[in-house]
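Welcome, and please open your viewer.

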Amino acid sequence: MAEPFECAKAPMKAASNGVFQGDNPLHFALPLLIIQICLVWMVTRALAYFLRPLRQPRVIAEMIGGILLGPSAFGRSSKFLNVIFPSESLTVLDTIANLGLLFFLFLVGLELDPKALTRTGRKALSIALAGITLPFCLGIGTSYVLRATIAKDAGQGLFLVFMGVAMSITAFPVLARILAELKLLTTDVGRMAMAAAAVNDIAAWVLLALAIALSGAKHSPLVSLWVLLSGIGFLTLCMLIGPYIFGWVARHCPEGEPVDETYICATLVAVLAAGLVTDTIGIHALFGAFVVGILVPKEGAFAAAIVEKVEDLVSGLLLPLYFVSSGLKTNIGSIEGAVSWGLLVLVIFTACFGKIFGTFVVSVLCKIPPKEALTLGFLMNTKGLVELIVLNIGKDRGVLNDQTFAILILMALATTFLTTPVVIAMYKPARVATTEYRYRTIQRKDRSTQLRLLACFHTTKSIPTLINLMEISRGTGKKGGLRVYAMHLMELSERSSAILMAHKARKNGRPFWDKDQDRHDPNQIVVAFEAFQHLCHVSIRPATAISRMAAMHEDICSGAEAKRAAMIIVPFHKHQTVAGDLEAAREDFRHVNRRVLKNAPCSVAVLVDRGLGGAAHVSASNVDYMITAVFFGGADDREAVSYGALMAEHPGVRLNVVRFVVDPKVAGKSLRLDVHGTGGGNSQSKSENEEFISEFIERASKDGSIRYEESVVGDENETVDVIKGHSRLCNLFVVGRIPEGQLAAALKKKYYECPELGPIGNLLISPAMSTAASVLVVQQYRRRLTGDALKSLNSDEDVNTSP
């Protein structure tokens, strides 16, 4: 078999003249590179799809894909290697792969916040140091065993350092994705692991810089000294100049406005220039890119814009080429005999033992429970791209031979692959005791108790309406007032960067690395909620759900249970256009809402936002809303009216409750539609309706802000006309999702486009109803949904909504 990196032939020309002129595109650099990129993308994405049920990060699929395309699998055929990866094309492939790697390391630098590292607690710092020191020492010990068997030609000092670094690395970006996938990012264990991994990442890069500097000294130790001094000088110069330049750029990129293309391009050129400088010094071009990434301010629009511009191209297309480049150097077939396989087991055991045992011991000494300490050990054992970089540099510098390289690649793959299944099996976050979770609905006997709401949003557009809804939900005279948990729903996709996830986790109710909760936060969402909290004395706690769309409802429901919320408010999947129509923003959120309605531990309300109060917060003294609640009967209608009555406690809110009664003259004739008994209710429900209405009428008689009326109608058309009449001066409709009775059953046959809204909600968003009022569709909590309430949520559930 021909060696993949022997460049015996002349370099390829860039582009061909085409097949019609007798040129074979596979003999030219550009078309062959395109074929290589397409093949790599298809193989890695296919593997990622098959590994998705195992909840493995994409880096695992890319590592396996690189190995499969190399001499370990497909590359065992010399014909395949000579056609798809001929030796004369590998220079171009390596150049493009390293260019992608350069920009990816810039993004990795963006993910690490030096200011946050300075505030890292003693526990995280101790855990990080333990996760570096013991594996490094064990790596040194293992290096002696390898040199005595399969790596006899390796230089002792260099081999020792490279083995220690390879054993001690923790991959910060990969760990962030694993934690987010396992819903541990915002737990105590997740926060501790991220903080420790950040320190570990910085230390690993320092050790790697030392290893590279030493590997360049083949003849004189003075070369290593000059490399180290030049590297320190470059780093010092960057730290003196960089913050001022990038700080100036960040100040000229305000939130909410597009970032000037000049700033983006200038930063990317600076990344290339820094890479050139460090490559010239003899460290590696990657270090220059990494340093520039660290210096870019993490807050504000500038960093987010860079990530958005660069990440898809780099992570999606260019970076997988580096895994293939690494895979072409990996020949698992070189691991032959019992000794070699025994060394592989030894290396994997040593790597796992060093990380897990070192982290476990220090964590227990820091008074972390043993199960959480063991979980931290496995999480810190996560490897990733930095591991491959270390190994590839060692291979290129001649420190690692083919057999040692293959063993260490398999070690990195095995340790990372084990992380997710072991953590799933071993650690379950402690559930909050729910014995005190009494108030799962708005309707309750003791109306003076604290009200807790979980308000969800996924775009900033819905923030003003949510704040105005909180304003009128305050009520009066409650013990503890109103407490709102504002949950930002974020989709976890393949392009989700670690910086975004770590930042959101850090802001999830309390800071991530430090304990100073009064620190200024420039995030416009947090600022809006904080301003409202101070003005209106409402307790607001930020929360974040970072999940795949198929599992986002789990975060919402578990969050509501943990916070003992009485109601979850979720946004409707359609938003209002400039013309006033409703159009779907993300169909996926419709299925999220259905699953929340189906599995919620409390009442749920779907908010159809038509701009309640306009685009800004309406102060308490300026509130002047007319709220209409319609009542047909049933638990959901009782909950809707109860919520309306709560809002009516606000001095600027007037509530109009309309109860629909079937005209006795036509009852049982023109409205005999409910043949299956799904809408008529039962005797117990009817008695509950009458008891509720009688109590409400008594309450309304003592409150001038509440108006109650009964509307006698003959059919569904008359019902629609009555609701239209009330829509002209109404600001907000509060309706039940599944009303009971023959009128509701008749309306269901005409208005049921979105079953999660029920018939009245669908009527209020239909073109037949020209109204500017927002709509709140309420479902009251019950232990188990049955009948039409459940059937309407099961429709379309077979639609595959997984990302």
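Helices here are DSSP runs of H or I with at least four residues, numbered from the N terminus. Axes are lines fitted to C-alpha atoms, for helices over the stretch in contact, and angles run from 0 to 180 degrees between N-to-C directions. This is a predicted model, in which local features need pLDDT of at least 70, side-chain atom pairs count only at pLDDT 80 or more, and totals for chains, interfaces and linings use all residues. Residues are numbered from 1 along each chain as its sequence is written, and side-chain values use heavy atoms, leaving out hydrogens and water.

**First stop: a helix pair**

Select residues 90-111, helix 4, together with residues 301-327, helix 13. Their axes come within 7 Å and cross at roughly 140°.

Now show the side chains where the two helices meet (heavy atoms within 4.5 Å). Among them are Leu 93, Phe 103 and Leu 110 in helix 4, and Ile 306, Val 314 and Tyr 322 in helix 13. The residues of this contact divide into 18 nonpolar, four polar and two charged (Ala, Val, Leu, Ile, Met, Phe, Trp, Tyr, Cys and Pro count as nonpolar, Asp, Glu, Lys and Arg as charged, and the others, Gly among them, as polar).

**Next stop: a covered helix**

Move to residues 285-295, helix 12. How many of its residues are buried (under 20% relative accessible area, 1.4 Å probe, protein chains only)? Eleven of its eleven residues are, including Phe 287 and Val 291.

**Last stop: Ile 463**

Select Ile 463, in helix 18 (residues 463-472). Ile 463 counts as buried because its relative accessibility is 6%.

Key. Buried < 20%, exposed > 50% of the residue type's maximum accessible area, 1.4 Å probe, protein only.
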